[in-house]
Amino acid sequence: MTTHAPAPPGAPVPAPDRTHSPVPRPRRTAARAASVFLSTHPRTRLALLLGAPLFWLGVVYIVALVLLLVTAFWTVDSFTGEISQEWTLDNIITVLTGSLYQTVTLRTLGVALLVTLIDVVLALPIAFFMAKVATPRMQRILVIAVLTPLWASYLVKAYAWRSVLSQDGILEWLVAPFGGSTPGYGLPATIITLSYLWLPYVILPIYAGLERVPDSLLEASADLGGRTWPTIRLVVFPLVLPAIIAGTIFSFSLSLGDYITVNIVGGANQMLGNLVYTNVGAANNLPLASAIALIPIVIIFGYLFLVRRTGALDNL
Amino acid sequence: MTDQQPAIRLTGLTKEFGAVTAVDHVDLEIAAGEFFSMLGPSGSGKTTVLRLIAGFEQPTDGTIELFGQDVTKRAPFDRDVNTVFQDYALFPHMNVIDNVAYGLRVRGIGRKERNERAARALASVRLEQLAGRKPSQLSGGQRQRVALARATVVEPKVLLLDEPLGALDLKLREQMQVELKEIQRDLGITFIFVTHDQEEALTLSDRIAVFNNGRIEQLGTPDELYERPTSRFVADFVGTSNLFDHERSVALLGRAGHHSVRPEKMTVTHDGLDGDGVVNVHGTVVEAIYLGSGVRLVVDLDDGTRVTVLEQNVRGRAHDDERGDRVVVSWHDDDVVPLGTEVLPGISG
């Protein structure tokens with residue numbers, strides 16, 4: 001507290017102005033009565049808030065999933081084509097032992113893992129630049145740039161890659177002078193296209209994760225003698241690991257379920273999704289399709305279990 | 001360590017952020033083993049100077065020397081200074097002992113040795129029993145001590161402290177002030193302490209630099225700054241002052257230029273005081289605020305000047321000063337501090 005001289009002489013405080021009308025009291029309306037009721041009945045409040053989403057989750061989502069699971073244990077009458085509700089493990093056994101299913105499962109798993117790896121390797125530096133290097137203005141531009149492809153149709157993007165990768169496409173024209181050539185249509189093309197499609201889903205969680213790491217932690221590490229690499233390995237990486245895993249769950253599960261990209265740029269290759277599609281459509285064998293669809297679900301559950309075991313989700 | 005060299009020497013240090021000059025040609029020498037404070041309001045440039053010394057910012061101009069060595073261009077990890085951050089900046093995914101051992105770990109010291117040294121550093125701040133906790137499980141004061149142990153375990157030549165007590169409550173802050181002083185004496189290293197709390201700076205420091213608008217307004221011991229401020233800004237910012245501009249000084253004190261008198265150097269009586277050099281002025285009590293240890297009286301002198309007087313709560317003091325009472329405010333001529341004649345913007349008169 002300070003006193004400056006000269007201060008204004010102790011002038012009398014003016015009396016509050018009473019000429020205006022008093023502040024009106026709230027009126028009693030039906031909406032207000034409802035608010036009062038809800039504010040004193042927390043359970044009713046919660047029920048109203050969560051009723052609709054829980055109905056959606058319970059009936060529409062979980063029931064559909066359970067039906068899928070149950071259908072896998074039924075069979076199709078080969079004569080009439082009707083589903084017969086007899087319990088059988090035949091579909092499961094076919095999927096587990098059939099060499100076609102084993103090959104396609106391994107191929108799908110391989111594609112999903114490679115796509116995830118490529119996306120993480122690409123996303124980490126981009127996300128780091130966005131979160132820690134770029135100016136606030138640049139940061140906004142980059143977030144928009146990452147989000148923009150999500151507005152375009154999946155099909156258009158896949159077909160764009162089909163044209164890029166074709167024998168007389170842009171990629172061929174670009175790398176031919178250096179003795180390279182386009183990979184053409186096949187699994188590499190599938191991996192490239194899927195990596196492109198899911199990249200925003202990997203960048204955004206990692207970017208958000210890096211945003212939450214205070215700059216002072218990086219400064220503290222440098223201050224204590226940590227150069228760039230130890231800082232990344234000991235401070236940044238452990239703190240954004242949950243965000244990286246969140247990103248990999250997106251790219252991994254989306255790749256496991258994909259069947260359109262592989263149709264467009266994958267040549268003759270099939271992934272699990274194609275088998276499901278064929279069995280639902282052409283072969284009219286919903287129970288077998290369900291059994292195949294269980295494979296990616298089991299794999300994802302396995303992945304989540306592994307991730308949980310590493311403790312990476314503890315800090316979420 | 002050569003004793004002749006200053007621990008820190010800043011020469012013409014300047015930092016511009018776009019059009020804003022945060023640090024404006026600062027020259028400063030800080031001696032080895034000194035507890036040095038940089039005091040100023042927010043935006044005065046004190047924290048930027050600290051960050052420049054630590055290496056988190058690169059100066060626009062000027063040099064930084066550490067014991068005679070030019071470190072201006074060196075990265076933070078190549079400087080023998082360590083920082084206690086305002087928000088402590090503890091690594092949230094590591095427990096306390098790993099946090100403290102971090103500086104040793106990145107220097108390639110083996111687990112066994114670094115844990116021993118970290119445990120010793122933790123013991124020096126009396127936290128050895130919390131070694132296994134995560135930072136989120138600690139109180140503010142405990143985090144502060146972990147940050148201190150983490151910064152001192154790597155044996156820096158200079159320790160930089162960026163408002164380290166700002167987030168603590170009053171009791172804890174007073175306790176930590178004593179501990180900081182003890183730790184500094186034990187380690188014998190230079191502490192550079194940034195604060196906006198003038199009382200804290202006065203309590204802890206050997207010397208204080210008062211910052212204003214990116215420049216050092218005054219440099220001196222706590223005693224010099226408090227008893228003999230050289231500008232209105234310092235008189236105003238360090239402690240409480242009754243400021244008299246040139247006109248009031250001529251009228252009341254018979255002196256030219258701006259002057260200040262500390263509230264505790266003034267006395268309030270009903271009849272005035274006798275003696276050589278005593279000035280007596282009549283006035284009216286506007287406010288009497290009971291502080292426990294004393295009473296703060298706001299008095300309007302008869303010529304319209306408002307002054308604040310601090311009366312100690314001592315035996316025999318008259319407790320009866322009330323709003324509206326007619327009194328005499330007295331001070332001794334020796335307690336009037338000349339502040340020069342410069343006119344500061346924003347201060348009327």
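View 1. Between them, chain A and chain B bury about 2900 Å², of which 57% lies on carbon and sulfur atoms. The size of an interface is often given in this way, as the accessible area lost when the parts come together. To the contact, chain A contributes 27 residues and chain B contributes 41 residues.

**View 2. Salt bridge between B:D78 and A:R227.** The rule finds two salt bridges across the interface of chain A and chain B. One of them is shown here: the side chains of A:R227 and B:D78 meet at 3.1 Å, N to O.

**View 3. Polar contacts and the chain A side of the interface.** Nine residue pairs, both residues at pLDDT 80 or more, are in polar contact across the interface of chain A and chain B. On the side of chain A that touches chain B, the elements giving two or more residues are β1 (3–4), α9 (215–223) and α10 (228–257) of chain A. Of these, α9(A) gives the most, with seven residues. Sorted by class, this side of chain A has 15 nonpolar residues, nine polar residues and three charged residues.

**View 4. The annotated domain of chain B.** An unreviewed UniProt entry places the feature "domain: ABC transporter" at residues 8–238 of chain B. In the predicted model, this span of chain B is 36% helix and 26% strand, and its end C-alpha atoms lie 24 Å apart.

Definitions and conventions
Residues are numbered from 1 along each chain as its sequence is written. Chains are lettered from A and ligands numbered from 1 in the order in which they are written. This is a predicted model: local features need pLDDT of at least 70, side-chain atom pairs count only at pLDDT 80 or more; totals for chains, interfaces and linings use all residues. Side-chain values use heavy atoms; hydrogens and water are left out. Contact means heavy atoms within 4.5 Å. Buried area is the accessible area (1.4 Å probe) that two parts lose on being put together, summed over both. A salt bridge is a side-chain nitrogen of Lys or Arg within 4 Å of a carboxyl oxygen of Asp or Glu. A polar contact is a pair of N or O atoms within 3.5 Å; within protein, one must be able to donate a hydrogen and the other to accept it, and residues adjacent in sequence count only if both atoms are side-chain atoms. Helices (H or I, at least four residues) and strands (E, at least two) are DSSP runs, numbered from the N terminus. Ala, Val, Leu, Ile, Met, Phe, Trp, Tyr, Cys and Pro count as nonpolar, Asp, Glu, Lys and Arg as charged, and the others, Gly among them, as polar. UniProt positions are given in the numbering used here, feature names are shortened, and annotations may be inferred rather than shown by experiment.
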